[in-house]
Amino acid sequence: MSARTARTRLLAATTVALAALALSACDNGKGVRDEGPSAASGSSSRTSGSATAGGTTAKPAGGTGGSTAAPKGNSTGGTTTSGTGTTGTSGGSGSTGKNGAGTTTTRNPACNGTNTKTTATEVSRPLNHLLLTVTNTGAKNCDLTGYPIARFGEAQSVPPVAESTHPQAVVTLASGESGYAGVLLSAADGSGGNGYTAKTLVVSFAKGSSATPALPSKGVYVDDKLTVTYWQQSLDDALAY
């Protein structure tokens with residue numbers, strides 16, 4: 001074997017040995033240490049993840065706190081205020097009658113014998129009718145509600161009201177104004193029974209004291225057809241029944 005061939009083989013063997021050493025170096029754990037940055041990177045990722053998780057946790061906490069605060073503000077403050085406002089409005093309107101705003105300040109006092117003058121007039125048309133006139137003699141408006149509770153003479157009962165004459169609205173009388181009611185005294189065809197002549201009349205109102213308007217000196221004849229109308233704003237309406 002020549003010297004050149006020997007050197008060539010020696011170089012080849014050396015190359016193989018170096019390659020083996022390089023492979024051994026890759027398997028001796030150094031490569032694992034080289035992965036340390038990856039682990040650090042993982043740690044950073046975990047740290048970042050933890051921070052993110054912490055941030056996420058903080059966000060829900062903040063969100064929860066915000067949400068809790070919002071409902072608290074809305075449900076506690078807003079609703080309570082709304083409820084108070086409703087209660088105040090209801091109370092303020094006087095619908096419950098606690099402060100009387102709806103029933104006292106916005107409603108006129110009742111017309112009765114103390115703030116009005118009542119007269120009874122026999123009319124020629126319609127036949128057998130009496131007209132009751134109530135005039136407000138006070139300085140304030142009054143409401144003439146219901147119908148006259150009329151007691152003729154010594155009668156033990158009062159005449160019924162004709163339901164068909166119920167007005168569309170409460171009759172309100174300003175100072176000096178008058179309201180009216182018609183009274184059918186007896187049947188025009190003589191079909192009524194238990195007739196008698198009455199010389200006195202007492203008119204009671206829905207509220208307050210009564211009135212005693214004078215009747216004609218001869219009195220008025222009444223029978224069991226005796227009927228009154230509701231109080232009316234118009235004289236014509238009162239005598240339409």
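So, how do E6 and E10 pair, in the parallel or the antiparallel sense? They pair in the antiparallel sense, over two bridges. Before I go on, a word on what we're looking at. This is a predicted model, where local features need pLDDT of at least 70, side-chain atom pairs count only at pLDDT 80 or more, and totals for chains, interfaces and linings use all residues. Residues are numbered from 1 along each chain as its sequence is written, and side-chain values use heavy atoms, with hydrogens and water left out.

Okay, the sheet. Strands of a sheet pair through backbone hydrogen bonds, either parallel or antiparallel. When I say strand (E, at least two residues) or helix (H or I, at least four), I mean a DSSP run, numbered from the N terminus. Two strands pair if DSSP finds at least two bridges between them. Here we have an open sheet of four strands in the order E1-E2-E6-E10, with antiparallel pairing. E1, residues 116-123, and E10 stand at the edges with a single partner strand each, so one side of each has no neighbour in the sheet.

Let's walk across. E1 and E2 are joined by eight bridges, and Ala 120 stands opposite Leu 132 in E2. Next, E2, residues 129-136, is joined to E6 by seven bridges; there, His 129 stands opposite Leu 184. Finally, Val 183 has Val 228 in E10 as its bridge partner.

Now stay with E6, residues 178-184. How many of its residues are buried? Seven of seven, where buried means under 20% relative accessible area, exposed means over 50%, and partly exposed is in between (1.4 Å probe, protein chains only). Ser 178, Tyr 180, Gly 182 and Leu 184 point one way, while Gly 179, Ala 181 and Val 183 point the other way. Ser 178 has a relative accessible area of 18%, and its side chain makes a polar contact of 2.7 Å with that of Thr 135. A polar contact is a pair of N or O atoms within 3.5 Å; within protein, one must be able to donate a hydrogen and the other to accept it, and residues adjacent in sequence count only if both atoms are side-chain atoms.

On to the rings. A search of the whole structure finds two aromatic pairs. In one, Tyr 147 and Tyr 230 have ring centres 5.5 Å apart and planes at 90°, so that pair is edge-to-face. The cut-offs: rings of Phe, Tyr and Trp (its six-membered ring) pair if their centres lie within 6.5 Å, with planes under 30 degrees apart stacked, over 60 edge-to-face and the rest tilted. Tyr 147 sits in the loop between E3 (142-144) and E4 (149-152), and Tyr 230 in the loop between E10 (227-228) and helix H5 (235-238), so the pair ties together parts 83 residues apart in sequence. Is Tyr 230 buried or exposed? Buried, at 10%, whereas Tyr 147 is partly exposed at 30%.

The other pair is Phe 205 and Trp 231: centres 6.0 Å apart, planes at 15°, so stacked. Phe 205 is in the loop between E8 (201-204) and E9 (220-222), and Trp 231 in the loop between E10 and H5, 26 residues apart. Both Phe 205 and Trp 231 are buried.
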